[in-house]
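User: I have a protein open here and would like to go through it with you. Can we take it piece by piece?
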Amino acid sequence: MPPKNDRPLKFRNKSSKPMLFPLHPSNMADNRAYTKKRKRNFNPRPLIFLLAVVAIVCLIGYAASQQRALAVLVNDEVVGYIKDKNTTEEELNNLVLAKLKQEVGNNVEINDTITLEPVSSFFKKTDNSEQVVAAVCSTVSYNQEATTILVEGKEFCIVPDVETAREALETVLANYKCPEGTAQPEFAIQINTGTTFVDNSQVSSLEEAVKLLSATQTVEKTHTVVAGETFGSIASNAGMTEAELLNANPSITDETKTNLQIGQTLNVTVTEPILPIRTYSWETVTETIDYETVTQRNSNEPTSYREVIQEGEEGTMEVVLKTPYVNGEQIGEVQRTEKVVKEPVNRIIERGTYEPSEDSDEEDSSDSSSEE
């Protein structure tokens, strides 16, 4: 164990007291002088900087409060800002309606709510009215005025306008393949047009409308054999193959199909348009027109007198028979149109109507006796 050092510890400085805090004012020789020196060395720059920041913030706030604009909202969602504070909601709605009408080509009804709200525009980008209207048009949902095609009073499809509806219907009829021997297709049901407001997505184009109006369906029917028809012609007219017609008529075989009888019925499967179409066939026949016998009276001739003074001649008439067919099947009455080609000549008979009286007979007798 090392020997203990009994010598007292001494500080290195000359002071008898330990200097725990050498820089503290209490440890300095002249505390008043130090305090005076600190006051003389005060730095005001932080305070000036703080005051400048406060002034700038106040100026920015004042400028922001002075620059006002209108926020354009669609269903409470901001879509843009208008610098012109005099714009009204009615004016903005009218501008949007006018632009949508120009783009669509028809009247429109906006489904959303367009409102204006005053705001500060200091930190916001403002646009002119045209830019904001374009932004609103691309945001809002709307219904457009359109033309609905009504079949038997029920809505069938919707097109942009009446001209498109007319063109679609005419195209369907022009594309229809008329049954052999018929022509002049027309719709066999009532088709009208009406006006409605619908969402733009529900409006069909011309091509889509033609496709809808030309849709077909498969229908099972019975066919009655008429003179001149064969098994093959019946299958062809029904749009079937002979094998398909045989499958639809199990009672007929390859051997018996050539022995069809007039009035015999066959089961057929035909493809028909959903909108029935009527066509017509025409037949022109010549018919005779009977002459009439006319009697003329001659009071100068006795009742026993009878003479044919003009022979009668038959006339001729051209008759057009217009037979209606609906989807290739004869339905409805035959329309008859008559045209006289040659007028008939009446047969004229002349008859006497003179009857001598009894007095004239007595006078004739006395005259003859006196002469004797």
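User: Which hand does the crossing of helix 3 and helix 4 have, left or right?

Analyst: The crossing of helix 3 and helix 4 is right-handed. Keep in mind that this is a predicted model.

User: At what angle do helix 3 and helix 4 pack?

Analyst: The angle is about 65°, and the axes of helix 3 (residues 89-104) and helix 4 (residues 129-139) are 9 Å apart. Because of that angle, helix 3 counts as roughly perpendicular to helix 4.

User: Which residues make the contact?

Analyst: Helix 3 brings Leu92, Leu95, Val96, Lys99 and Leu100, while helix 4 brings Val133, Ala134, Val136 and Cys137. Sorted by class, that contact has 8 nonpolar residues, no polar ones and 1 charged.

User: Now helix 5 and helix 6. How do their axes cross?

Analyst: Helix 5 (residues 162-175) and helix 6 (residues 206-213) cross at roughly 45°, and their axes come within 9 Å. Helix 5 is therefore oblique to helix 6. This crossing of helix 5 and helix 6 is right-handed.

User: Which residues meet there, in helix 5 and helix 6?

Analyst: From helix 5 there are Thr164, Glu167, Ala168, Leu169, Thr171 and Val172; they meet Leu206, Ala209, Val210 and Leu213 in helix 6. By class, the contact of helix 5 with helix 6 has 7 nonpolar, 2 polar and 1 charged residues.

User: Take Thr164 from that list. Is it buried or exposed?

Analyst: Thr164 counts as buried because its relative accessible area is 14%, and the cut-off for buried is under 20%. Apart from neighbours within four places in sequence, Thr164 is in contact with Val159 and Leu206.

User: Switching topic. Where is Asn298?

Analyst: Asn298 is in strand 12, which covers residues 293-302. With a relative accessibility of 16%, Asn298 counts as buried.

User: What does Asn298 touch, beyond residues up to four places away in sequence?

Analyst: Asn298 touches Glu350, Arg351, Gly352, Thr353 and Tyr354. Take Gly352: along the chain, Asn298 and Gly352 are 54 residues apart, but their C-alpha atoms are separated by 4.7 Å.

User: And Gly312, where is its place?

Analyst: Gly312 lies in the loop between strand 13 (306-310) and strand 14 (315-326). Gly312 also counts as buried, at 19% relative accessibility.

User: What is Gly312 in contact with, leaving aside neighbours within four places in sequence?

Analyst: Its contacts are Tyr291, Val345, Asn346 and Arg347. Gly312 and Tyr291 are 21 residues apart in sequence, with 6.0 Å from C-alpha to C-alpha.

User: Let's zoom out. How many helices and strands does the protein have?

Analyst: There are 9 helices and 17 strands. The protein has 372 residues, of which 25% count as buried. Looking at contacts between residues at least 6 apart in sequence, 76% join residues at least 24 apart.

User: Where is confidence lowest, and where is it highest?

Analyst: Confidence is lowest in helix 9 (residues 358-371), with a mean of 51, and highest in helix 6, at 96. Where pLDDT is low, the predicted coordinates should not be read in detail.

User: What is the mean pLDDT of the protein?

Analyst: The mean is 82, and 80% of the residues reach 70 or more.

Conventions. Residues are numbered from 1 along each chain as its sequence is written. This is a predicted model: local features need pLDDT of at least 70, side-chain atom pairs count only at pLDDT 80 or more; totals for chains, interfaces and linings use all residues. Side-chain values use heavy atoms; hydrogens and water are left out. Axes are lines fitted to C-alpha atoms, for helices over the stretch in contact, and angles run from 0 to 180 degrees between N-to-C directions. Helices (H or I, at least four residues) and strands (E, at least two) are DSSP runs, numbered from the N terminus. Angles under 35 degrees count as roughly parallel, over 145 as roughly antiparallel, 65 to 115 as roughly perpendicular and the rest as oblique. A crossing is left-handed if the near helix is turned anticlockwise from the far one by less than a right angle, and right-handed if clockwise. Contact means heavy atoms within 4.5 Å. Ala, Val, Leu, Ile, Met, Phe, Trp, Tyr, Cys and Pro count as nonpolar, Asp, Glu, Lys and Arg as charged, and the others, Gly among them, as polar. pLDDT is the predictor's confidence in each residue, from 0 to 100. Buried means under 20% relative accessible area, exposed over 50%, partly exposed in between (1.4 Å probe, protein chains only).
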